[in-house]
Amino acid sequence: MSGEEALAVHKKLYRIYYASYDDKAHEEVKKVLKEKYGVEPKDIKSLVLPEFRFLELPLEKGGLEKEISDLVSSIVKSQYVKVDWINTEV
């Protein structure tokens, strides 16, 4: 199974939402998340508001919302970062 196929069927993941006009900061967020958690975040682009950023990070372990939010906030210099853990297996 390829990485894309694994991501497509992944049932547990974090959804990360924030706004940033800085493309370099957004790329840094993706890089740091991949380095820290060992998985490639999926970048979902907004067609309406390009500054709205939406990432999916496939991880089995729940309870990392604050850690991820703090990490992203420190990079994009904003306290307005929303992180949800999604478990579709239940």
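Is Leu-47 buried or exposed? Select Leu-47 and look. Leu-47 is exposed, because its relative accessible area is 86%, and the cut-off for exposed is over 50%. Keep in mind that this model is predicted.

**Stop 1: the whole chain**

Zoom out and colour by secondary structure. The protein chain has three helices and four strands. Start at the N terminus and trace the elements in order: α-β-α-β-β-α-β. The chain has 90 residues, and 37% of them count as buried. Now show the surface. Next, think about contacts. Take those in the protein chain with a separation of 6 or more: residues 24 or more positions apart account for 72% of them.

**Stop 2: the loop around Leu-47**

Go back to Leu-47. Leu-47 sits in the loop between β2 (42-45) and β3 (52-57).

**Stop 3**

Select helix α2 (residues 23-37) and helix α3 (residues 65-76). How is a pair of packed helices described? The angle between their axes and the distance between the axes are used. Here the axes of α2 and α3 come within 9 Å. They cross at roughly 145 degrees. The crossing of α2 past α3 is right-handed. Show the side chains at the contact. From α2, pick Ala-25, Glu-28, Val-29, Val-32, Leu-33, Lys-36 and Tyr-37. From α3, pick Glu-67, Ile-68, Leu-71, Val-72, Ile-75 and Val-76.

**Stop 4**

Glu-67 is partly exposed, at 37% relative accessible area. Lys-36 is also partly exposed, at 48%. Why can such side chains pair? Side chains of opposite charge can do so when their charged atoms come close.

**Stop 5**

Keep α3 in view and select Lys-66 and Asp-70. Their side chains form a salt bridge of 2.8 Å, N to O. How far apart are Lys-66 and Asp-70 in helix α3? They are four residues apart, so about one helical turn separates them. Lys-66 is exposed, with a relative accessible area of 60%. Asp-70 counts as partly exposed, at 40%.

**Stop 6: a network of charges**

Move on to Asp-43 and Lys-45. The two form a salt bridge, and their closest N and O atoms are 3.6 Å apart. Asp-43 is partly exposed, with a relative accessible area of 23%. Lys-45 is exposed, at 64%. With Asp-43 and Lys-45, they are linked in a network of salt bridges.

How many salt bridges does a search of the whole structure find? The search finds 10. Finish where you began, at Leu-47, in the loop between β2 and β3.

How values were computed:
Residues numbered from 1 in each chain as written. Predicted model: local features only at pLDDT ≥ 70, side-chain atom pairs only at ≥ 80, totals over all residues. Heavy atoms only, no water. Helix = DSSP H or I, 4+ residues; strand = E, 2+ residues; numbered from the N terminus. Buried < 20%, exposed > 50% of the residue type's maximum accessible area, 1.4 Å probe, protein only. Contact = heavy atoms within 4.5 Å. Salt bridge = Lys/Arg side-chain N within 4 Å of Asp/Glu carboxyl O. Axes fitted to C-alpha atoms, helices over the stretch in contact; angles between N-to-C directions. Left-handed = near helix turned anticlockwise from the far one by under 90°.
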